[in-house]
Amino acid sequence: MNAAITQPATVSVIPVRRDMHFNLPVERAKNWHGQGTQVSHFFNALSLMFPAGERYFMDAVRHYRDRIDDPVLKKQVLGFIGQEAMHSREHVEYNELLQEHGLPTRKLDRQMWAVTGWMKRVLPHWMQLAHTVAVEHYTAMLAGLMLDDPVCLEGSEEGYRQVWLWHSLEETEHKAVSFDVWEAVIKPGPARYLMRVGVFLLTTLTFWPVVFLLHTQLIRSDRYADHRVRGMWRVIKFLYGPRHGVFPRIAGQWLGFFRPGFHPWDHDNRHHLSRIEGIVAANSERRTLSIAHTDAG
Ligand SMILES: [Fe+2]
Ligand SMILES: [Fe+2]
């Protein structure tokens with residue numbers, strides 16, 4: 001891990017809304033990851049959570065926007081909302097590619113909207129914001145992992161690799177925004193700490209079962225998925241493997257959330273953000289090439 005501990009006050013990243021489009025070949029939608037279908041479907045399950053989930057985060061933060069006085073944080077909130085809107089739009093298109101293969105992504109998406117709609121109706125606004133802070137910490141941990149370790153997406157189809165890198169970079173760029181809103185609008189004190197970590201624990205108990213349910217639905221609906229046992233072994237290695245496994249490597253940052261003085265930029269991985277312009281350039285070239293190709297065809 002090549003990130004350093006820093007003082008949060010020294011970090012002021014303004015997220016930028018980028019109107020990106022990616023070239024995602026439909027024929028690879030079910031099997032784009034270098035580790036095969038079942039690992040592809042792990043990421044596809046995350047993708048299924050985004051359209052409804054990111055709208056929920058945007059609304060949770062938007063609710064408190066008028067209570068923010070700091071002009072920098074106001075700009076960060078605007079960038080956060082803009083980025084999540086773009087992620088949501090691109091993942092709607094991504095999920096539609098899976099539907100074209102006969103996977104029930106529209107049905108699963110409707111279920112996700114029903115769940116987040118219900119949460120918006122029954123949960124108090126502070127809890128929706130704390131939930132957003134918690135899931136944003138999860139996405140920041142997973143995004144940081146993908147950026148730190150090229151093995152995570154090694155051998156993957158390039159368009160899908162690019163969309164996940166773009167999303168990871170922007171999740172990193174805005175990783176502190178909902179947290180800073182939380183700190184700005186919720187009264188400081190022990191209650192605020194307990195609310196933050198309590199909701200984080202609840203989120204941990206619900207986040208992975210939802211991913212697991214979506215993942216198993218996709219695998220069950222995909223009759224061409226890898227041989228069940230071999231494919232499942234690859235997923236287990238991908239998630240729990242001692243060298244490149246997801247869980248062993250996010251454990252430290254997961255625990256870090258419980259420190260009373262925690263801030264997302266304690267894990268300062270800003271050095272990755274210089275890669276964004278490369279992704280933007282690569283995908284505008286890619287788009288120009290595919291438009292030229294279509295015109296020529
Ligand atoms: Fe996002
Ligand atoms: Fe996010």
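User: Happy to start with residues 193–214: how far apart are the end C-alpha atoms of this span?

Analyst: In this predicted model, the span is 100% helix and 0% strand, where helices (H or I, at least four residues) and strands (E, at least two) are DSSP runs numbered from the N terminus. UniProt, in an unreviewed entry, places the feature "transmembrane region" at these residues; such annotations may be inferred rather than shown by experiment. The end C-alpha atoms lie 31 Å apart.

User: Good to know! Before we go on, which pLDDT do local features need?

Analyst: Residues are numbered from 1 along each chain as its sequence is written, chains are lettered from A and ligands numbered from 1 in the order in which they are written, and side-chain values use heavy atoms, leaving out hydrogens and water. Side-chain atom pairs count only at pLDDT 80 or more, totals for chains, interfaces and linings use all residues, and local features need pLDDT of at least 70.

User: Are the rings of Tyr138 and Phe207 stacked or edge-to-face?

Analyst: Rings of Phe, Tyr and Trp (its six-membered ring) pair if their centres lie within 6.5 Å, with planes under 30 degrees apart counted as stacked, over 60 as edge-to-face and the rest as tilted. Tyr138 sits in helix α4 (residues 125–148) and Phe207 in helix α7 (residues 190–221), 69 residues apart. Their centres are 4.9 Å apart and their planes at 15 degrees, so the pair is stacked.

User: And how do the planes of Phe200 and Phe258 meet, stacked or edge-to-face?

Analyst: This pair joins helix α7, which holds Phe200, to the loop between α9 (246–256) and α10 (276–296), which holds Phe258. The ring centres lie 5.7 Å apart and the planes are at 65 degrees, so the pair is edge-to-face.

User: Nice. Is Phe258 buried or partly exposed?

Analyst: Buried means under 20% relative accessible area, exposed over 50%, and partly exposed in between (1.4 Å probe, protein chains only). Phe258 has 22% relative accessibility, so Phe258 counts as partly exposed.

User: Which ring does Arg196 lie over?

Analyst: A charge sits over a ring if NZ of Lys or CZ of Arg is within 6 Å of the ring centre and within 35 degrees of the ring normal. Ring pairs link a cluster that includes Phe200, Phe207 and Phe257. At 4.7 Å from the ring centre, Arg196 lies over the face of Phe257.
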